[in-house]
Amino acid sequence: MAAADAPLRPAARRPPAASFTSDRQQLAIGILLILLTGLGPSLLGNSYWEHTFQLVNIYIAVAVLQNLLFVDAGQKSFGQGAILGLGAYGLAIASGLNGLPLGLGLAAGVLAAAAGGLLFALPALRVQGFHLGFVTMSAAIVFPQLLNQLDGFTRGLNGISMAIPGLAAGPAPGLSWLTLLVTAVPVAALLGHYGLRQLPLGRRMRIAAESPEAARSLGIRPGIMRSLAFVVASVGTGICGLLYVPTVGFIAPQGFLIELSFVFFFAVVVGGRGQLLGPIIGIWIVFILPTVFLVKLVEYRPLVYGLLTLGVVILFPDGVVGSLEAWRRRRRQRGGGERAFRLEAVTALFAALPDAPLPAPGGAPVLTVRGASKRFGQVVALDGVDFDVRAGEIHGLVGANGSGKTSLLNVISGLSLLDAGRYLLRGRDVTRRPAAAIARQGLGRTFQTPRVFQSYSVWNNLRMGLDARAAAPDAGLARALEGLRAAHGEESPALLSHGQRRLLEVVRVVLKDPSIVLFDEPAAGLSSQEREEFAALVRLLARKLGKAVVLVEHDLDLVWGIADRITVLETGRVVASGLPADLARDPAVQHLFVGGAHA
């Protein structure tokens, strides 16, 4: 039976998988711990621990924002202590020294912190990873020196004393407004971090952090996501800086040395990167232990921070909470990879969709490429390529390794710019448009190495495609998606085989609802049966959903079995293009595929 006519078998019923993430539980535990430590000492009348946990809760809030910036946005920053200082000094200078109304002082502190975040965001547009960390570290090193040098504004080493008397009162005996505020802020930070992860914005940040190429292919601009993450984290840290002033009552450059930034960074690592509960446990270990219980070693705090971090990481490679979470996943998710995310269920998903209107005969191509040329130094990747793809057409793109197939996909999707030539997408010239803008025009693609995000569940991986969709899914697709979510939504992509991960990427791209889909070796890693089912899926996308499909694949049997037209590339040039039956007899093509079924 032909691949296109293969029957679709219903997905096997299976028990629901264990929850992929424990974010809700960690959120509840974290809020409970903050409330106990924030309000408990005040209600018990212990002024020492009341003041200690006021400061600790401020640091927890900053560490939560550091966690968001470090993991969800992928930005390594060693300068959040300086951002905290900007917020504190903005308020203290405006209202403490210059007597401006408190409202203006609060606004000045937040604006100063936001400006610092924007300053950090600028290098984030050019450098990433720990290179960015070193840039932000230099800012944290310079910040206290700058405060000393600008003593006309900051009073230098003499510092600034400031109290806000109204915060000393409270709504109930033993509870001051300050205590309530410094308890509410870390709770709000935790809720905000959890909420952001549930929003499309949070998923876009994670995609941009883990795979900028995949982000661009979904219409996301990674630079915007990185800058926004810095601003969000900086505004929140600035608010913490506002509370730092009445909590401490006196601010000086010595309070914002580089070691403070290390506390926030190490707290995330020690507690567990990406875990909502991690910053709380991390601050308790990194800050409370050396500051309160090892007070005699106060002069060696940076060394103590480093030794504590080293010891915890050796015992708990993923941090305290992260290691416990990894153990939970291993214990509860057993055998899911053998049953998860079968291709026939996905084919049935798209089969439930209504048919797209038939394309008009001889209609304008969805994609038109003319004279595409691309060089990398002396290497000619593309040399005057002409290429057309129409709606509902499966266009195979074949050639030996190094013939320019992936280079052509890269220039079409905007990940690489042409040196000469032009191309149109749905009649619009997009030759010089950025990749994200081209994706929003209706282009989707997969990659040779599947872009699957293992920190997210299968369902959240699929939601990334829905987030990029211009219109909400219709009722039929929504029902089919709910079924897929119920069966596989909470599974971990780590349990999927290579072929299933590749399929997951394909489905995510198709859920974006592009006009044209570029498949870069999608059948790699699939079994013979899965290849037959995949062929049926591609035909369904073209015939039923009306997608234009470009298929780059080394499996010539697959290409010749499903392609309507085939273009053959050799050393960046088109050597033949036409119907599969005609090319199978073309001597100019046969010698390129010696040993193949169609050579």
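# Close-up views of a predicted model

View 1. Leu424 stands opposite Asp429 in strand 7; helices (H or I, at least four residues) and strands (E, at least two) are DSSP runs, numbered from the N terminus. The model is predicted, so local features need pLDDT of at least 70 and side-chain atom pairs count only at pLDDT 80 or more, while totals for chains, interfaces and linings use all residues. Residues are numbered from 1 along each chain as its sequence is written, and side-chain values use heavy atoms, with hydrogens and water left out. Strand 6 (residues 420-425) and strand 7 run antiparallel and are joined by 2 bridges; two strands pair if DSSP finds at least two bridges between them.

**View 2. The salt bridge between Asp429 and Arg422.** The closest N and O atoms of this pair are 3.4 Å apart; a salt bridge is a side-chain nitrogen of Lys or Arg within 4 Å of a carboxyl oxygen of Asp or Glu. By this rule the count comes to 14 salt bridges. Asp429 is partly exposed, with a relative accessible area of 41%, and Arg422 is partly exposed at 41% relative accessibility (buried means under 20% relative accessible area, exposed over 50%, partly exposed in between; 1.4 Å probe, protein chains only).

**View 3. The salt bridge between Arg206 and Asp72.** The closest N and O atoms of Arg206 and Asp72 are 3.3 Å apart. The pair links distant parts of the chain, 134 residues apart: Arg206 lies in helix 8 (residues 200-210) and Asp72 in helix 2 (residues 47-72). Arg206 counts as buried because its relative accessibility is 5%, and Asp72 counts as buried at 3%. Arg206 also lies over the face of Tyr456, at 5.1 Å from the ring centre; a charge sits over a ring if NZ of Lys or CZ of Arg is within 6 Å of the ring centre and within 35 degrees of the ring normal.

View 4. The side chains of Arg585 and Asp582 meet at 3.1 Å, N to O. Arg585 counts as exposed at 59% relative accessibility, whereas Asp582 is partly exposed at 42%. Salt bridges that share partners join Asp23, Asp72, Arg197, Arg206 and Glu210 into one network.

**View 5. Aromatic rings around Phe262 and Phe266.** A search of the whole structure finds 14 aromatic pairs; rings of Phe, Tyr and Trp (its six-membered ring) pair if their centres lie within 6.5 Å, and planes under 30 degrees apart count as stacked, over 60 as edge-to-face and the rest as tilted. Phe262 and Phe266 are stacked because their ring centres are 5.8 Å apart and their planes lie at 25°. Phe262 is partly exposed at 21% relative accessibility, whereas Phe266 is buried at 19%. Ring pairs link Phe70, Phe78, Phe262, Phe265 and Phe266 into a cluster.
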